[in-house]
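Below are my notes, jotted down in the order I looked things up.

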Amino acid sequence: MNKYIITLLLCGKILFAQGTNAGTKIINVAHLDYKIDSIEFSAVSNELVDIVDQKLDMQMVCQESSSVIVEAEDVKRPMQFMLKNNGNGEDRYIFTPIEGEDVGFSVSNIEVYEDNGDGLFSIVEDKPITKLSLKADESALLFFVSNIPKSAKGLSENGLKVDSEIQDDLVYGESRLLDDFYAVVATQEEAKSDFCVYEVPSIELKLEKKSTLSSDKLYKRTTIHYTIEVKAEGVGTLENIVIKDVIPEGTVYVSGTLKLDGQSVDGFDGNEIAVTIDSIHQEEESTDVLHRVTFDVIVQ
């Protein structure tokens, strides 16, 4: 009786598609060893070559933890976004500015800048872009930059939508042949865009500083009496208000003259005065002076 002992081995260069770069070849060869009447034999199968497809997967995320506070007529105000290529190959992206549902005002002169790596927006150090390439698992910090209109009030929800040039008009789950492998869309549509929010406060403070002299002209030993008037524009509540003023060069602060609404307060540190107001609440539009800070200096 002939006896057969057969061992089948699958070997070669085996790579798993998940996390493997697109276009990588997965090569596999089967080896067969067997014996017939103690005589060893071997055989090799044909070589199979599979190429890893490219998974198109990206995500756009606003990086602001709260509304970005701006003022009317602000210029080049940035908001941070993060674009992540979650796919397994290099992809090329195009950006489209979009507005959300809550738009109390529309911004203008919108630009997209790529961060230079320091995490801070600079019109000198960062560069404006319309397209961007990212390698597999690479991410980029982007700045949505715009001007705030003069009439701005309330909130303005603005964002970025990103599109893959490779994906083109494909939708989720579809694929197309790229050279010798396929590109497969794995990005849900909602992951391609996100929003940050500009906010113009409903109330803001205005300061007006005045001075009077103890003499008809400004001489040595002349006392200058300063008054800082605090007004509020709009309605709402403001808290933790600190009014500061540096003592002018060539003058000396007159001890004990710092007052808030006529009441003496401490707040001189040898170089500047600082007066704290706990809160201001205004229910109706008004041009009235809400608080007055006064202090004296003497010309040296």
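Predicted model: local features only at pLDDT ≥ 70, side-chain atom pairs only at ≥ 80, totals over all residues.

**Entry 1: rings.** How many aromatic pairs turn up in a search of the whole structure? I got six.

**Entry 2: one pair up close.** A pair of aromatic rings is described by the distance of the centres and the angle of the planes. I picked Tyr-226 and Phe-295 and looked up both values. Tyr-226 belongs to strand β19 (residues 223–234) and Phe-295 to strand β25 (residues 291–299), so the pair ties together parts 69 residues apart in sequence.

Buried or exposed, I wondered about Phe-295? Its relative accessible area is 0%, so Phe-295 is buried. Tyr-226 comes out at 12% relative accessibility, and counts as buried because the cut-off is under 20%. I also spotted a neighbour for this tyrosine: Lys-209 lies over the face of Tyr-226, at 4.3 Å from the ring centre.

**Entry 3: cysteines.** Next I went looking for disulfides. A disulfide is a covalent bond between the sulfur atoms of two cysteines. My search of the whole structure gave one. It joins Cys-62 to Cys-196, with 2.0 Å from S to S. Cys-62 is in strand β6 (residues 58–62) and Cys-196 in strand β17 (residues 193–200), so here parts 134 residues apart in sequence are tied together. Which hand does the disulfide have? The torsion about the S-S bond of Cys-62 and Cys-196 is about 115°, so I put it down as right-handed. Both Cys-62 and Cys-196 are buried.

**Entry 4: a threonine.** Last, I turned to Thr-251, which is found in strand β21 (residues 251–253). Thr-251 has 14% relative accessibility, so it counts as buried. What does its side chain reach? I found the backbone oxygen of Pro-248, at 2.7 Å. Leaving aside neighbours within four places in sequence, I listed the contacts of Thr-251 as Val-297, Ile-298, Val-299 and Gln-300.

Terms used. Residues numbered from 1 in each chain as written. Heavy atoms only, no water. Helix = DSSP H or I, 4+ residues; strand = E, 2+ residues; numbered from the N terminus. Buried < 20%, exposed > 50% of the residue type's maximum accessible area, 1.4 Å probe, protein only. Polar contact = N/O pair within 3.5 Å; in protein donor to acceptor, adjacent residues only side chain to side chain. Contact = heavy atoms within 4.5 Å. Phe/Tyr/Trp six-rings, centres within 6.5 Å; stacked < 30°, edge-to-face > 60°. Lys NZ or Arg CZ within 6 Å of the ring centre and 35° of its normal. Disulfide = S-S within 2.5 Å.
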